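Subject: Structure handover

Hello,

Here is the structure we spoke about, for you to take over. My notes on it follow below.

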Amino acid sequence: MIKLLTTALFLFCLQFGFALNAQTQVTKETDIQKYPAVTKAVLPNGMRILVMENKTAPIVSFYTYFGTGNVDNEMGKTGLAHLLEHMAFKGSETVGTNNYRKEKVILDKMDAVAEQINFERDKGSSSDPAVLRKLKEQLTALEVEAAQYTVENEFQQIYSGLGARGLNAYTSADVTAYIVSLPANQLESWFIIEADRFKNPVFRGFYKERDVVMEELRMGLNRAGTVLFYKMLASAFEAHPYRNPVIGWQSDVERLLRKDAEAFYKKHYTADNAVSVIVGDVNAGEVIKLAEKYFADIPKGKKHGDYKTHDPKRMGERRAEVLFEASPLMYIAYNKPTYHSKDDAVFQVIEGILSSGRTSKLYKSLVEDKQLAVSVDASAAYPAVRYDNLFIFYAAPRAPHTVFECEEAIYEEIEKLKTQPVKQEEIDKVARQIEVSMISSMTSNANMARTLGTNEIIMNNWRYSWDLSGAVKAVTPQDIMRVASKYFTKDNRSVIWIKQTGAAAQDGGK
Amino acid sequence: MKYFKTFTLVLSAALLGFAHVQAKPLKLPAPEPLKFNLPEPVVERLDNGLTIYMLEDHSLPLVRAFMLIDSGSLYDPKGKTGLSDFAMEALREGGTYKYTPAEMNAELERLGARIETDSAYEYTSISMRSLAEDVPAVMDIFADMIKAPAFNPEKVTIVRQGFMEGLKRRNDDAAAMVSREGRRKFYGADHPLGIREEPETINAIAIADLKGFHSKYFKPNNAVLAVAGNFKAHEMLSLIRSELSDWKPGGVVKAQVPPVTADETGKVFVINKTVENAPVLILGPGPDRQNEDLIKHKVLNSVLSGSMGARLTVEVRTKRGLAYSVYSYLSPSTPKGMFITGLGTKNNTVSEATSEALRQIDLLKIETVSQEELNRAKSSLIDSFIFNFQTPYDILVEVITYRHLGYPEDYFATYTQKVSEVTAEDVKAAAKKWFTDEGRFIIMAVDPAKTTGSFADLGEITELKAD
């Protein structure tokens, strides 16, 4: 009875409520026992809009995803996608300047000088410090000149004035996301601002922002865990660009140019490579109308391939120590196929059984029974998911125990997984935990938008997390044995750890 | 319920788009007025003194609960610094009268439910998350943990080991180290707000102390419970009654917090550490929660660092490229608030970046902010406030926490109004009063091998060893 009503309403809306451009395709989820009530629209230029209504509070979360990230950087230009993300806050031909015509002339001159600086620095030991000094002075002088036409941080100030919360962005290896939450009565303003931002961007203040990103990079280098993670990626991936830190290698970031960012933008920030997700106190029909009005003329973009260097065949275990002024930590990484594989759900279950909660295998063994570690963790999909990735283990040993003792204890649990079928109730437990997690994440507009957007932009399937939640229930003990045996082998692992240096180490770790 | 009735008005007023800044470059439509009525929570008090706030939320099949207990690390006895943190962890890990740790964890994880504890300076808490259908089972564990924790000795040992390892690692992260040591200098190494856990203080904590902590503070008349989710209020109340009516009330005596006497005016503390990006803190006095200047100071701080368009961000980060992270905030602790300005910069620009931050702080004492800038600062404050209340659960937690921390009774009701009333002259006066050289000092971690020049221009240098 209720099903009929729902269908009838849906048809009604389709016929009368959605007065749309005939080419925009709209689908509304009807199986709302299984999936959240999401409406998806595909504009004629290929841009996708996902809308989920939530009238609990008069606020809306907006997440715009581009299907590009630091994995798409060219060699020698690592960190570009991330720096570009910073530049997307610098305004447009309209926002952030009081005279773009005059400003543009100076910005172009700055680019020329920056390129000359690169050319001179690239000479390495034969570069002339006097020449470099002069060029830097020129750049500074141009920055001062450009400043008179700059309205600093105007983009952020516009959003502030609307009552925005959480204006931000992030770049992963896979994707770039632009985020903001607004009161529900500012819906159209969001479209106007974002359309202007992405149609007419100007990457002003590029070289200063490059300095800012260098500080961000340096902050990461302060942290043992971050440094070890970078080293782990570089060990587990020999050639594939997942080996590069998302923030970039220092010498690459220092010499990125504005024209690099513009080229990257033109290639990757296209309508067919974008999804905007809107979750909150909105009306789906109205949102889609606004999207048609403001986003329909975002350019579609040229088709391009997606080649990434393949890693050569593994030829044995990799091991390395990293000297750092901090207590020991360890990562163990196994190479694995990504979500395309039919075994994706199996890896999720393995992650849960090994590492989720106090009844998990690793916690019980390393923290409680053997008391080797204060922290131990397993994760099924690092650093990202567009390409084949890693199943990683992490351990922080408890002095005087060592990373190597933790390592052996981890292998012990892995061996059990290969040879002893787990109990069905353990799989059920993990399935339940994932299910409750999914429900819990739906309390937040922002979390929902993030999940929906990530799924849609990467997998072209916003339902992916919910499908996975279901697939997890069908995983068998035999699946786990098979997958563990195939992938958790010595030859397939990269082991990397922090060895403590400095005064504390000399004191014997007191 | 005073907090909620007037809060409705607050929300509506703010969402009218207070301090709507005319966006000159883009033509944006004027917002339609928004109306929003928060549901009133059901408030009950059990005979044993436990106050319960409930809000129904039928959007998801979920229930969340949060119990706040009037205790905290501020009241750790001398020689046993860390007692509150330790006790709350041990409470969670150590099992209960009815459930062994293994039984409890197995049941919770089978259901995908969660119970976790936390300890802060001025309160401790236990929170619960469960699917609605499992609430009776999860609530039974929750209640037993509150009434009758067992502090299983083996689990207590593991918790202790965790603390000891944490102490070994406490200087691994330079920024965390500077933050902790800065607090120690500001409040004094022996003052409850500044004192640090040490191996000796952790080792001095015995199971008897954990049990003593529990019996001293865990009383229904010393706690507040908030519950939100998919239930009917009267049924939830019945369940809570059946679980917690037998929890015995009693008297509570908390230690008094002594006045703060530490004074490190003008000093520059330098800790040598291998860092690529040197964390720097400028610490100085600020109003506490009860101070009449609180709102004015918040607006002042919003001008300084309340958004990406604020002074510190624009001058230190955007224009000069000296930092990625630059910020300021008030920690309004009673009896003395602390105002923190922080940044991270490469070693050889520490002096330059810190000087610029100080200049920005001091400029606010001399110059009057423009109306436009003031409006932006206020708007930013009001709207970030609103977004703390996304779900009924968040609303309840926020309200009971603020109330417990001693914010004025009418804090939420008058917040928007008070912020909107702050003038540019108020901001300047607050800067003159609070951004004094008196009580201000600097602390940093730098790599001596990579630092050019000295920091003598910043003040009297004192080297600190990382211990």
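Leaving out residues within four places in sequence, Ser235(A) is in contact with Arg318(A) and Ser494(A). Ser235(A) belongs to helix α8 of chain A, which covers residues 224–236. Its relative accessibility is 16%, so Ser235(A) counts as buried, the cut-off for that being under 20%. Please keep in mind throughout that this is a predicted model.

Arg258(A)

Arg258(A) counts as buried because its relative accessibility is 5%. What does Arg258(A) touch, not counting residues up to four places away in sequence? The list is Leu107(A), Asp108(A), Asp111(A), Val202(A), Phe203(A), Phe206(A) and Tyr207(A). With Asp111(A) there is a polar contact between the two side chains, at 2.9 Å. Phe206(A) is 52 residues apart from Arg258(A) along the chain, yet their C-alpha atoms are separated by 6.3 Å.

Helix α11 of chain A

Helix α11(A) covers residues 284–295. At 1.5 Å a residue its twelve residues should span 16 Å, and the end C-alpha atoms are 16 Å apart, so the two figures agree. At the start of the helix, a side-chain oxygen of Asn283(A) comes to within 3.0 Å of the backbone nitrogen of Gly285(A).

Nine of the twelve residues of α11(A) are buried, so the helix is largely enclosed by the rest of the structure. Those buried are Ala284(A), Gly285(A), Val287(A), Ile288(A), Leu290(A), Ala291(A), Glu292(A), Tyr294(A) and Phe295(A).

The five-stranded sheet of chain A

Chain A has an open sheet of five strands in the order β8-β12-β9-β11-β10, and its pairing is mixed. The edges are formed by β8 (318–324) and β10 (373–382), each of which pairs on one side only. On average, neighbouring strands of this sheet are turned by 15° against each other, direction ignored.

Within the sheet, β9(A) (residues 330–336) and β11(A) (residues 389–397) run antiparallel and are joined by seven bridges. In this pair Tyr334(A) stands opposite Phe391(A) of β11(A). Helix α12(A), residues 344–355, packs on the sheet and touches β9, β10 and β11 of chain A. The direction of α12(A) makes about 175° with that of β10(A).

Strand β7 of chain B

In chain B, strand β7 (residues 267–272) pairs with two strands, and I take them in turn. Five bridges join β7(B) to β12(B) (residues 460–464), and the two run parallel. Here Phe269(B) stands opposite Thr462(B). The pairing of β7(B) with β11(B) (residues 441–446) is also parallel, over five bridges. Val268(B) stands opposite Ile442(B) in that strand.

Nonpolar cores

The largest nonpolar core holds 134 residues, and the members that touch the most others are Met67(B), Phe142(B), Phe218(B), Leu225(B), Met236(B) and Met444(B). Helix α4(B), residues 135–147, supplies the largest share of this core, eight residues. Phe218(B) touches Ile69(B), Met88(B), Leu91(B), Thr124(B), Ile126(B), Ile146(B), Phe213(B) and Trp247(B), not counting residues up to four places away in sequence. There is a second, separate core of 101 residues, which includes Ile49(A), Ala88(A), Val213(A) and Val227(A).

Two further places in chain B

Helix α11(B), residues 311–319, is largely enclosed by the rest of the structure, because eight of its nine residues are buried. The buried ones are Arg311(B), Leu312(B), Thr313(B), Val314(B), Glu315(B), Val316(B), Arg317(B) and Thr318(B). Just after this helix, Gly321(B) takes a positive phi of about 60°.

Ser333(B) is in the loop between β9 (326–331) and β10 (337–346) of chain B. Is Ser333(B) buried or exposed? At 6% relative accessibility, Ser333(B) counts as buried. Not counting residues up to four places away in sequence, Ser333(B) touches Tyr187(B), Leu193(B), Asp288(B) and Arg289(B).

Regards

Notes: Residues numbered from 1 in each chain as written. Chains lettered and ligands numbered in written order. Predicted model: local features only at pLDDT ≥ 70, side-chain atom pairs only at ≥ 80, totals over all residues. Heavy atoms only, no water. Helix = DSSP H or I, 4+ residues; strand = E, 2+ residues; numbered from the N terminus. Expected span 1.5 Å × (residues − 1). Buried < 20%, exposed > 50% of the residue type's maximum accessible area, 1.4 Å probe, protein only. Polar contact = N/O pair within 3.5 Å; in protein donor to acceptor, adjacent residues only side chain to side chain. Pairing = 2+ DSSP bridges. Axes fitted to C-alpha atoms, helices over the stretch in contact; angles between N-to-C directions. Contact = heavy atoms within 4.5 Å. Core = buried A, V, L, I, M, F, W, Y, C linked by side-chain atoms within 4.5 Å.
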